[in-house]
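Reader: I am new to this structure. Please walk me through the terms used for it.

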Amino acid sequence: MTGAVEVLVSIGSNVDRERYVAAALDALSEAFGELRISSVYESEAVGFNGSPFFNLVVALYTDDPVATLSRRFKQIEADNGRRRDAPKFSARTLDLDILTYGDAAGIIDGVELPRGEILHNAFVLWPMAEIAPEQAHPLNGQTYQALWQAYDRDQKLWVVPFQWRGQTISPRP
């Protein structure tokens, strides 16, 4: 692909959450420049009994292909103590997932785009609706705001205070 593409990325952590979310924002900012950042949300662990997560979504622009981006995110996770030998549903220092890559759809370089959890997990959809409300889901064409307004699953999450580099990320006024 040529030219910069907008990528929506989820960030999650349930181990030393403030530290690892800030580390992810630092690494992404250093690699990609200016980020559009959602509020930070706290949510119960999904799929296992564990400490609550901090979750947020950032938008960034890159001309990296999906494979390069995926490798880069895995390296950021590893640099921050993420263990690949841990069970899928377990505590983690840092989780970075490509949610969307422009309007790409399908399995690209081994990455499902758009990521399926967008339509299932409030901790992904709500922050997406916050930073990209009018953007349409590449497969069903509905905006993230419309998808969030129609969301009816019982997942509890709430905005939590968070500062990064001296700026208040959340709560928003």
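**Terms and values**

Reader: Why is Q135 called partly exposed?

Author: Q135 has a relative accessible area of 23%. Buried means under 20%, exposed over 50%, and partly exposed in between, with a 1.4 Å probe and protein chains only. So Q135 counts as partly exposed, at 23%. This is a predicted model: local features need pLDDT of at least 70, side-chain atom pairs count only at pLDDT 80 or more, and totals for chains, interfaces and linings use all residues. Residues are numbered from 1 along each chain as its sequence is written, and side-chain values use heavy atoms, with hydrogens and water left out.

Reader: Where does Q135 lie, and what is it in contact with?

Author: Q135 sits in the loop between α3 (122–131) and α4 (144–150). Helices (H or I, at least four residues) and strands (E, at least two) are DSSP runs, numbered from the N terminus. Leaving aside neighbours within four places in sequence, Q135 is in contact (heavy atoms within 4.5 Å) with E6, L8, T100, Q142, T143 and Y144.

Reader: What makes N80 buried?

Author: Its relative accessibility is 15%. That is under the 20% limit, so N80 counts as buried. N80 is found in the loop between α2 (66–79) and β5. Residues up to four places away in sequence aside, N80 touches Y20, A23, T93 and L94.

Reader: How do you know that D16 and R19 form a salt bridge?

Author: The term needs a side-chain nitrogen of Lys or Arg within 4 Å of a carboxyl oxygen of Asp or Glu. For D16 and R19, N to O is 3.6 Å. That is within 4 Å, so the pair qualifies. D16 is partly exposed, with a relative accessible area of 41%.

Reader: What makes E42 and R17 a salt bridge?

Author: Their closest N and O atoms are 2.6 Å apart. This pair links distant parts of the chain: E42 is in strand β3 (residues 40–43) and R17 in helix α1 (residues 17–32), 25 residues apart. E42 and R17 are buried.

Reader: What makes a set of residues a nonpolar core?

Author: The members are buried Ala, Val, Leu, Ile, Met, Phe, Trp, Tyr and Cys residues, joined through side-chain atoms within 4.5 Å. The largest has 32 residues, of which I11, L25, L28, F73, I98 and Y101 touch the most other members. α1 gives the most to this core, with six residues. Leaving out residues up to four places away in sequence, L25 touches I11, L35, I37, L56, V58, F162 and W164. Apart from this core lies another, of 18 residues, including Y41 and V57.

Reader: Why are nonpolar side chains buried together?

Author: In soluble globular proteins, nonpolar side chains tend to be buried together.
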